[in-house]
Amino acid sequence: MPGARLVTIESFIIEQERMFPEATGELTNLLYDVALAAKVISSYVRRAGLAAVLGRSGATNVQGEVQQKLDVLANDVMKSVIQKTGRVCVTASEEDETPVPVTLENNPGKYVLMFDPLDGSSNIDVNASIGTIFSIHRRVTPDGIPGTLKDCLQVGSRQVAAGYVIYGSSTIMVYSTRSGGAHGFTLDPRIGEFLLSHNSIMTPTAGTYYSVNESNYDRWTDGYREVVRSFKSRLNARYIGSLVADFHRNLIAGGIFMYPADSKSPKGKLRLLYEAAPLAFIAEAAGGAATDGERAILDIVPKELHQRTPLVIGSRDDVAFVQETVGQATAEIA
Ligand code: FBP
């Protein structure tokens, strides 16, 4: 569209920052660092079959999952882009057993960055959409020294920003900050820039889609079976098996994603700090909701870095329906 005003992610973030006279620009720059890392990861994903980055790396991560080559590569890209900027004091990742403090010579900054470098690993080799998820907190330990686990174990409602990148038919980065709203930027491969494509996303209060792995049906509680029977009768089923991709569809079109606890994963499968909490921050900024079936994800106080949680996220009315139905079923058993 010749003449249409192109809004880059940088100019948009700076414009938002102007709403906070006390802002120092460090968060702006950190978001821009994440965008840069996403561009690098996207360049590998786009030519994965040609760049010998498909398949297993031969190693296993702290979750006991076999690491894909792209998991390891994306993790290294995030750390190499972020660790030396002087904006973060510690990073934590799904692929690293412990937090990685920023050493003194790299000038530890005031923010904490936690991330799932490559979400949807089971879809990498089959060219289905995958993503990166990130969460940003303000450190709680004194400034100027390397950060610690304490800086990572913060309740989701204290996030100062969060977002995800989806490597799908196009590469899109969606983020939210405390100034509110969820905003999406599409990577224009002609100029290598993220341009504003989805300003102030508001998710429909009631959805069209439900996303859940129904092969776990027999392992669910009666409450979740009842929920899915009801959704089957009135919503359309969609499940890609990449949290970012399922979440993004439902955010834009309206819908609900669920990964309940079950007899195989009694605490749920997904990780609180770098999967559930950042997406909950986005969902709420877009008028949606996110719970573990009982309480808001953003109210859960983390105790461990790789802590798992059940996740019910998406359109507000559908999330409320799940909470009510599961709550009733639990009450009837009691
Ligand atoms: P990782 O790929 O980052 O480990 O994420 C877990 C995940 O792949 C989610 O993206 C997805 O929603 C879920 O697991 C799929 O699990 P399942 O195969 O049990 O349905």
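This note goes through the sheet, the cores, the ligand surroundings and some single residues of a predicted model.

1. Basis. Residues are numbered from 1 along each chain as its sequence is written, and side-chain values use heavy atoms, with hydrogens and water left out. Helices (H or I, at least four residues) and strands (E, at least two) are DSSP runs, numbered from the N terminus.

2. An open sheet of five strands runs in the order 12-11-13-17-15, with mixed pairing. Its edge strands are strand 12 (236–237) and strand 15 (289–291), each of which pairs on one side only. Two strands pair if DSSP finds at least two bridges between them. Strand 11 (residues 209–211) pairs with strand 13 in the parallel sense over three bridges, and Tyr209 stands opposite Gly255. On strand 17 (residues 311–314), the pairing with strand 13 is antiparallel over four bridges, while that with strand 15 is antiparallel over three bridges. Val312 of strand 17 stands opposite Met258 and opposite Thr291.

3. Strand 13. Five of the five residues of strand 13 (residues 255–259) are buried, where buried means under 20% relative accessible area, exposed over 50% and partly exposed in between (1.4 Å probe, protein chains only). Gly255, Phe257 and Tyr259 point one way, Ile256 and Met258 the other way, and all are buried.

4. Helix 6. Nine of the eleven residues of helix 6 (residues 243–253) are buried, so the helix is largely enclosed by the rest of the structure. The buried set includes Asp246, His248, Arg249 and Asn250 as well as Leu243 and Phe247. Just after this helix, Gly254 takes a positive phi of about 95°.

5. Nonpolar cores. A nonpolar core is a set of buried Ala, Val, Leu, Ile, Met, Phe, Trp, Tyr and Cys residues joined through side-chain atoms within 4.5 Å. The largest has 41 residues, of which Leu113, Phe134 and Ile136 touch the most other members. Among the elements that give two or more residues to this core are helix 1 (9–17), helix 3 (69–82), strand 7 (161–167) and strand 8 (171–177). Helix 2 gives the most, with nine residues. A second, separate core of 30 residues includes Leu243, Phe247, Tyr259 and Leu279.

6. Phe134 and Pro278. Contact means heavy atoms within 4.5 Å. Not counting residues up to four places away in sequence, Phe134 touches, among others, Leu31, Val34, Leu113, Tyr175 and Pro278. Pro278 lies in helix 7 (residues 272–285) and, at 0% relative accessibility, counts as buried. Pro278 and Asp222 are 56 residues apart in sequence and 29 Å apart in space, C-alpha to C-alpha.

7. Ligand surroundings. 18 residues surround the ligand, the closest being Asp119, Asn213, Tyr239, Leu243 and Tyr259; a residue is near a molecule or strand if one of its heavy atoms lies within 4 Å of it. A polar contact is a pair of N or O atoms within 3.5 Å; within protein, one must be able to donate a hydrogen and the other to accept it, and residues adjacent in sequence count only if both atoms are side-chain atoms. An N or O atom in the side chain of Asp119 is 2.7 Å from an oxygen atom of the ligand. For Glu94, a polar side-chain atom lies 3.1 Å from a ligand oxygen, and for Ser121 a backbone N or O atom lies 2.9 Å from one. The protein covers 88% of the 470 Å² of accessible area that the ligand has on its own (Shrake-Rupley method, 1.4 Å probe; for residues, only the protein chains shown count as cover).

8. Asn123. Asn123 lies in the loop between strand 5 (111–119) and strand 6 (130–138), and counts as buried at 9% relative accessibility. Its side chain reaches the backbone oxygen of Ile240 at 3.1 Å. Leaving aside neighbours within four places in sequence, Asn123 is in contact with Ala128, Ser129, Ile130, Ile240, Gly241 and Ser242.

9. Strand 1 pairs with strand 2 (residues 66–68) in the antiparallel sense over two bridges, with Arg56 opposite Gln68. The two strands form a hairpin with five residues between them, and Gly64 in the turn has a positive phi of about 85°.

Note on methods: Predicted model: local features only at pLDDT ≥ 70, side-chain atom pairs only at ≥ 80, totals over all residues.
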